[in-house]
Amino acid sequence: MGRWDNLRHILSLDPERDHQEIYRLSAGFEFPWDFQRSLEFALFRTYSVPSISALLAATREFELRPQRRYDDTALLMAEMMEHGYDSPRGKAALKSVNRAHGRYRISNDDMLYVLSTFVFEPIRWLDRFGWRRLSDHERLAGFHFYRAVGARMGVRLIPSSYAEFEQFNVDYERTNFVYTDTNAAVGRYTLELFCSWYPSFSRPLIRPALRSLMDRPLLDAFGFAPAPPWLTRLSEAGVRLRSAVVRELPPRRHSKLANDPGNRTYPGYPTGYDPADLGAGEPPKDIDPSLLRR
């Protein structure tokens with residue numbers, strides 16, 4: 001199997017009709033590391049929206065159980081990406097997602113924005129750092145994949161075109177990226193979670209290195225100080241160097257999307273686990289009732 005065979009196969013498919021297969025190949029075989037990193041930053045962007053961070057702060061999930069919240073979200077999305085949203089495991093994952101969201105009063109625009117980050121952040125990341133850029137087939141497949149997922153989550157008014165959805169994403173961030181204390185708190189919990197994956201002696205460098213990959217509107221919305229310019233150049237060069245090496249490697253033969261035996265919260269996943277086991281628990285008893293769906 002050659003380095004470009006997956007892309008040739010992708011280009012032989014229809015990006016609307018075959019969007020699940022195209023997306024699985026891109027995320028699970030062509031760019032698994034890049035999709036994981038970009039979706040981490042996609043979620044991170046959503047925490048800089050005051051209405052979203054206020055709800056997350058009120059649940060205290062990111063304060064008390066950040067690793068579990070990260071693992072639940074990553075695995076639930078991976079189940080749909082690997083098996084399809086209408087497969088038995090995909091349906092179970094969607095049910096867990098909808099159960100968690102259904103407890104709270106969340107605006108449709110906030111749900112729509114979160115959905116849009118899953119479409120466009122991987123594209124933007126790979127435009128900057130990928131061993132190749134995504135083809136138009138792959139871009140459109142991601143759009144159609146998340147339109148279908150959003151419909152099954154009850155998200156209304158999902159734009160019918162890629163360009164319209166991208167414009168919504170840009171306009172929403174321009175309007176809603178505003179600093180608040182809850183942004184800062186949830187951002188800090190998440191940044192510390194990312195740092196916890198590295199040896200303690202390296203964390204003073206990891207924190208600014210993570211900030212070096214964030215754009216200025218995101219930094220300002222969290223109240224984070226920009227990284228030194230030299231570190232930004234070094235971080236970007238390091239990611240691009242990795243991609244240059246990956247470009248010369250043989251293609252991946254097995255998807256790792258929903259197969260993570262080293263998972264921190266669910267050791268051995270997926271052996272012995274079901275997507276129905278994942279997801280946030282009941283709201284805290286002292287949460288503001290106005291945040292709950294009635």
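Me: Which helix does Leu234 lie in?
Reply: Leu234 is in helix 14, residues 229-247. Keep in mind that this is a predicted model.

Me: Is Leu234 buried or exposed?
Reply: Exposed. Its relative accessibility is 52%, and the cut-off for exposed is over 50%.

Me: Switching to the fold. How many helices and strands does the protein have?
Reply: There are 14 helices and zero strands. From the N terminus on, the elements run α-α-α-α-α-α-α-α-α-α-α-α-α-α.

Me: And why call it as compact as a globular protein of that length?
Reply: The radius of gyration is 19 Å, close to the 19 Å that the globule rule gives for 294 residues, so the protein is as compact as a globular protein of that length.

Me: What does the C-alpha trace span along its principal axes?
Reply: About 55 × 45 × 40 Å.

Me: What share of the residues is buried?
Reply: Buried residues account for 51% of the 294 in the protein.

Me: On to aromatics. How many aromatic pairs are there?
Reply: The count is 30. One of them joins Phe120 and Phe165.

Me: Why is the Phe120 and Phe165 pair edge-to-face?
Reply: The ring planes are at 70 degrees, and over 60 counts as edge-to-face. The ring centres are 5.8 Å apart, and the limit for a pair is within 6.5 Å.

Me: Which parts does that pair tie together?
Reply: Phe120 is in helix 8 (residues 108-129) and Phe165 is in helix 10 (residues 162-176), so the pair ties together parts that are 45 residues apart in sequence.

Me: Are Phe120 and Phe165 buried or exposed?
Reply: Phe120 is at 0% relative accessibility, so it counts as buried. Phe165 is also at 0%, so this residue counts as buried too. The cut-off for buried is under 20%.

Me: Which residues do ring pairs link into a cluster?
Reply: Phe44, Tyr47, Phe62, Tyr70, Phe194, Trp197, Phe222 and Phe224.

Me: Last topic, charges over rings. Where does Arg132 lie?
Reply: Over the face of Trp131. The distance from the ring centre is 5.4 Å.

Me: What about Arg188, which ring face does it lie over?
Reply: That of Tyr189. Arg188 is at 5.6 Å from the ring centre.

Key:
Residues are numbered from 1 along each chain as its sequence is written. This is a predicted model: local features need pLDDT of at least 70, side-chain atom pairs count only at pLDDT 80 or more; totals for chains, interfaces and linings use all residues. Side-chain values use heavy atoms; hydrogens and water are left out. Rings of Phe, Tyr and Trp (its six-membered ring) pair if their centres lie within 6.5 Å; planes under 30 degrees apart count as stacked, over 60 as edge-to-face and the rest as tilted. Helices (H or I, at least four residues) and strands (E, at least two) are DSSP runs, numbered from the N terminus. Buried means under 20% relative accessible area, exposed over 50%, partly exposed in between (1.4 Å probe, protein chains only). A charge sits over a ring if NZ of Lys or CZ of Arg is within 6 Å of the ring centre and within 35 degrees of the ring normal. The radius of gyration is taken over C-alpha atoms; the globule rule is 2.2 Å times the number of residues to the power 0.38.
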